Amino acid sequence: MNFHVCILGCSSAVPTAERGLSAQWLEVHHRHYLLDCGEGTQIRIRQEGLPMQRLSVVFISHSHADHFLGLPGLLSTMELLGRKKSLRIVCPESVKEFLLNYWKSVDYQPSYPIEIDVEAWRSGGLVLEDASIQVEAVVLKHGVPCRGFIVRERRDAFVLDKVKIKEYDLSIAQLRELKQGNSVQLNTGEALQANQVGSSGPACRSYAYITDTRPVLQTLLKLAAPQVLYHEATFTEKHQERAKKTQHSTAIEAAEIAEKWGVTSLILGHFSVRYPDLGELLAEAQNRFGNTRLAFNGLRLEL
Ligand SMILES: [Zn+2]
Ligand SMILES: [Zn+2]
């Protein structure tokens, strides 16, 4: 089963010839999701050959234009290409208002069902749970309300051994309990532990998308560390004051988060256009956390 991320854009505020604005395509168990939708995202989706019409949920981090302005064009294109399937958008209230006002002003709205869920975004916590993944929204620290998203693959807690469970006369409800790692009481009165008839499933794969924000280590430490962390690194250490003022992070701050949270690998992104060469950002982060890479248009990660 696949768990695949494709970076569509990783430039901060302004796109460059090489880097699009924030957007990432996520495919888990052949279901498709989009994290942010900066201007030009629909073009990037087509350039990467991704199945636009199979997109099921879009998650928007916050209401800065470089993270959501690609939505109107993408939503219209999907209709023009014949979309009938519904789409869910998890976004802040201001982005919903923007879309509704835009559709009203042009007297047009896509005809396929679009559910714009601002309540889940506002409440935080679990914003999506389907057969493949759970997505948790994390409150970030930026100039406007902002959420990061942690995507965790769903798997049964226990993989049951078909031969062993045949030794017992188990009901569907009992099997369900055992799959969750719980014990059940047999007709004989004895307890049957899940590990007597199965074993823990393989570790679930997980990915965190954390942008735009000052470092929020204490918030993140309350949550299980993901395998792969994408963290914004808008500035180098030389521009630390600028990072504080604009509520962004430096590469070293992103590396500290990766190290202290205990992730396996770190991807830096959301680069300021002031750096024609990103080598300095990478070197600063790698000094603190070795397994760091730079995001780029078209970077594909297989978890
Ligand atoms: Zn941004
Ligand atoms: Zn922002």
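Which residue in E9 is the bridge partner of Ile133? Some notes on that and on the rest of the fold follow.

1. Ground rules. This is a predicted model, where local features need pLDDT of at least 70, side-chain atom pairs count only at pLDDT 80 or more, and totals for chains, interfaces and linings use all residues. Residues are numbered from 1 along each chain as its sequence is written, with chains lettered from A and ligands numbered from 1 in the order in which they are written.

2. The opening pair. Ile133 has Glu153 as its bridge partner in E9. Strands E8 and E9 (residues 147–153) run antiparallel and are joined by seven bridges. Here strands (E, at least two residues) and helices (H or I, at least four) are DSSP runs numbered from the N terminus, and two strands pair if DSSP finds at least two bridges between them.

3. Glu136. Strand E8 (residues 133–139) also holds Glu136. Is Glu136 buried or exposed? Glu136 counts as buried because 20 other C-beta atoms lie within 10 Å; the cut-offs are 20 or more for buried, 12 or fewer for exposed and partly exposed in between, with C-beta atoms placed from the backbone. Leaving aside neighbours within four places in sequence, Glu136 touches Gly125, Leu126, Ile150 and Leu223 (contact means C-beta atoms, placed from the backbone, within 7 Å). Leu126 sits 10 residues away in sequence, yet 4.3 Å away C-alpha to C-alpha.

4. The open seven-stranded sheet runs E7-E8-E9-E14-E15-E16-E17, with mixed pairing. Strands E7 (125–129) and E17 (292–294) are the edges, each with a single partner strand, so one side of each has no neighbour in the sheet.

5. The core. The largest nonpolar core has 67 residues, and Leu266 and Ala285 have the most contacts inside it. (Such a core is a set of buried Ala, Val, Leu, Ile, Met, Phe, Trp, Tyr and Cys residues joined through C-beta atoms within 7 Å.) Helix H11 (residues 251–261) gives the most to this core, with six residues. Among the contacts of Leu266 beyond four places in sequence are Ala254, Ala255, Ala258 and Ala285.

6. Strand E2 (residues 23–28) has five of its six residues buried. E2 and E3 make a hairpin with two residues between them, and His29 in the turn has a positive phi of about 50 degrees.

Note on methods: Two residues are in contact if their C-beta atoms, placed from the backbone, lie within 7 Å.
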